[in-house]
Amino acid sequence: MNDDFEPRIIGFFCNWCTYAGADLAGTSRIQYPPNVRVIRLMCSGALDPVYVIKALLEGADGVLIGGCHPGDCHYQSGNYKARRRVAILQSILKQMGFEPERVWLRWISASEGRYFADTVTEMVAKLKELGPNPLKGVGAI
Amino acid sequence: MSVTAYLEVAEGDTLGTLQRFLGQLLTADIVDALLVPQKLPTGDNVVPTLIRDPAKLAGVDPIAPVMPVIAAQAVSNVTATEHGERLAAVLRSCELRAVIELVKLQQASLEDVILIGVDCLGTYEVRDYARLIEAGVDPTTEVLAVAAEGQLDLLAADLESAAKGYQIRAACRMCEKPVPGGPDVYRPDITIGFLGVDPSHQILIEASDTLAEKLGLEAAEGPSASRRGEPVEPSGQAPVRRKEIIERLIAERTAERDRVFAAFRERVTGMDNLLAEFSTCIRCYNCMGACPICYCKECIFRTPTFDHASPQYFRWAERKGSIRLPTDTLLFHLTRLNHMATSCVGCGMCESACPSELPVALIFRAVGQETQAIFDYHPGRSLEEEVPVSTFREDELTELGEREG
């Protein structure tokens, strides 16, 4: 493992749960690695796979998709749809020679600031084991 | 209930018999228009044609082994919005399956539409078909001869086309769903069959009771048992010989499919191989235009999102050291896969349309197979099974999204 390697994670968080959970982690002064760049969505179900793929092709080491727990979606079922899309995406990435472990889906509620911090910490550690995204310096995509 | 009947072919004129049968749908006022493949005046291609006048049926050829466009797109064109007409569409299995997907995606309607499926042994690339015609070969006659012999391989050495080195499209060689109403294929209102019958004498027609009555079709005991002397199943059933031949065809195609899928999976391991696979893509979007499932009127790749400002290219080149142009080729294919792989019917039109001859049909089918399996989904099988990306179940994929371990 390269100790100097700091993974870059793109986070796609739903407005109602995971984004609020991340906010709670911050306001609660919970420490977690600063490796995640957050993009706020209204719902995890609003995330088209094109953005996840774009992030990976541009060299992001990991993508963390955060939504409300099953049954808690602000829009009733967006997270269930997101779950199907992530299942399809991971299946395709795996078959096409990508590492599907770079794409995480996690249900993190607005009250789970600690769990949010733990998730980012855990993901950073896993990505350090995995190493940098091999596409980082590849322009032929 | 459906009725199995046989059309007697007069003087070996199979096409003429088929044309008269289809014309009956118009003359008996069962439909207002027919959507059928019809030969171009030049004779070297066969294209979907919407016919209202029964006098315009000359040159109709649902057997010609060529598919310049997938007629599912034509069905979508003529049925997507209110039209008040009664239509019958003659379709190959892949076209039929694509229509079913488009109906579920609300891009086509089966209101007042009679779907007619026709057996398919595969299609040649358009240019190969034209060359065969130029060389004096009649591919339709060859297909009928092969069907009559129970020989299923259009590559069979004793065919003139094969002797000249032509073979059917790669997608057709691995098509394990060649028969309408066969395993995991939607059962159309009418099936026109020539596999397992001698099409120089007879054509098999399966139709619903009501349609059979309107068309004056009578349930037969079998394909003139006295002529062939072969076993037949009870009245109204397709003959045993047809069943056997279809099973053999499916087995051969399945073996070919598994062979090329395995080769693909061996080849595409790791990023470098993936990049090599798509390296000659010129991002022309032909595959998208030819795909019956890619129906979006405004694809994100054709929006200003991908009209990058000039400085952006320099920034990318700076960050990565160099970038290949056109950009976003892999992004395009991976995104397209995510959007339509679960509904891919394997028609292979993407590959036929590709100027760089990328094996896109193989890639999409191989990847589609696994993504479809996640949801046990079979594109084009049934109108009741929902398209995976438009629905969900609360009790599925429950580990996804939960903390591991």
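Analyst: Two residues count as in contact here when their C-beta atoms, placed from the backbone, lie within 7 Å. The model is predicted.

User: Which residues of helix 3 of chain A and helix 16 of chain B meet?

Analyst: From helix 3 of chain A come A:Ala87, A:Ile88, A:Ser91, A:Ile92 and A:Gln95, and they meet B:Val367, B:Glu370, B:Thr371 and B:Ile374 in helix 16 of chain B. By class this contact has 5 nonpolar, 3 polar and 1 charged residues. The two axes come within 10 Å and cross at roughly 150°, and the crossing is right-handed.

User: What is the arrangement of helix 2 of chain A and helix 14 of chain B, and at what angle do their axes cross?

Analyst: Their axes come within 9 Å, with a crossing angle of roughly 145°. Helix 2 of chain A passes helix 14 of chain B in a right-handed crossing. On the chain A side the residues are A:Pro49, A:Val50, A:Ile53, A:Lys54 and A:Leu57, and these meet B:Leu330, B:Leu331, B:Leu334, B:Thr335 and B:Asn338. A:Lys54 is charged, because Lys belongs to the charged class.

User: How many residues does each chain give to the contact between chain A and chain B?

Analyst: Chain B gives 35 residues and chain A gives 30 residues. On the chain B side, the elements that give two or more residues are helix 11, helix 13, helix 14 and helix 16. Helix 14 of chain B gives the most, with 7 residues. That side of chain B has 19 nonpolar, 12 polar and 4 charged residues.

User: What makes helix 1 of chain A mostly covered?

Analyst: A residue is buried if 20 or more other C-beta atoms lie within 10 Å of its own. In helix 1 of chain A, 7 of its 10 residues are buried. They are A:Thr18, A:Tyr19, A:Ala20, A:Gly21, A:Ala22, A:Leu24 and A:Ala25. What covers them includes strand 1, strand 2, strand 3 and helix 4 of chain A. After helix 1 of chain A comes A:Arg29, with a positive phi near 60°.

User: Is A:Asp118 buried, exposed or partly exposed, and why?

Analyst: Buried needs 20 or more other C-beta atoms within 10 Å, and exposed needs 12 or fewer. A:Asp118 has 16 C-beta neighbours inside 10 Å, so A:Asp118 counts as partly exposed. A:Asp118 is found in helix 4 of chain A.

User: What is the class of B:Tyr285, which has 16 C-beta neighbours inside 10 Å?

Analyst: With 16 neighbours, B:Tyr285 counts as partly exposed, because partly exposed covers the counts between exposed (12 or fewer) and buried (20 or more). B:Tyr285 lies in the loop between helix 11 and helix 12 of chain B. Its phi is positive, about 70°, although it is not a glycine.

User: What makes the peptide bond from B:Leu325 to B:Pro326 stand out?

Analyst: That bond is cis, with omega near -5°. B:Pro326 lies in the loop between helix 13 and helix 14 of chain B.

User: What does the contact between domain 1 and domain 2 of chain B take from each domain?

Analyst: Domain 1 of chain B gives 23 residues and domain 2 of chain B gives 21 residues. On the domain 1 side, helix 2, helix 3 and helix 7 of chain B give two or more residues each. Helix 3 of chain B gives the most, with 9 residues. That side divides into 15 nonpolar, 2 polar and 6 charged residues. The centres of the two domains, taken over C-alpha atoms, are separated by 29 Å.

Note on methods. Residues are numbered from 1 along each chain as its sequence is written. Chains are lettered from A and ligands numbered from 1 in the order in which they are written. This is a predicted model: local features need pLDDT of at least 70, side-chain atom pairs count only at pLDDT 80 or more; totals for chains, interfaces and linings use all residues. Helices (H or I, at least four residues) and strands (E, at least two) are DSSP runs, numbered from the N terminus. Axes are lines fitted to C-alpha atoms, for helices over the stretch in contact, and angles run from 0 to 180 degrees between N-to-C directions. A crossing is left-handed if the near helix is turned anticlockwise from the far one by less than a right angle, and right-handed if clockwise. Domain bounds come from an automatic or database domain assignment.
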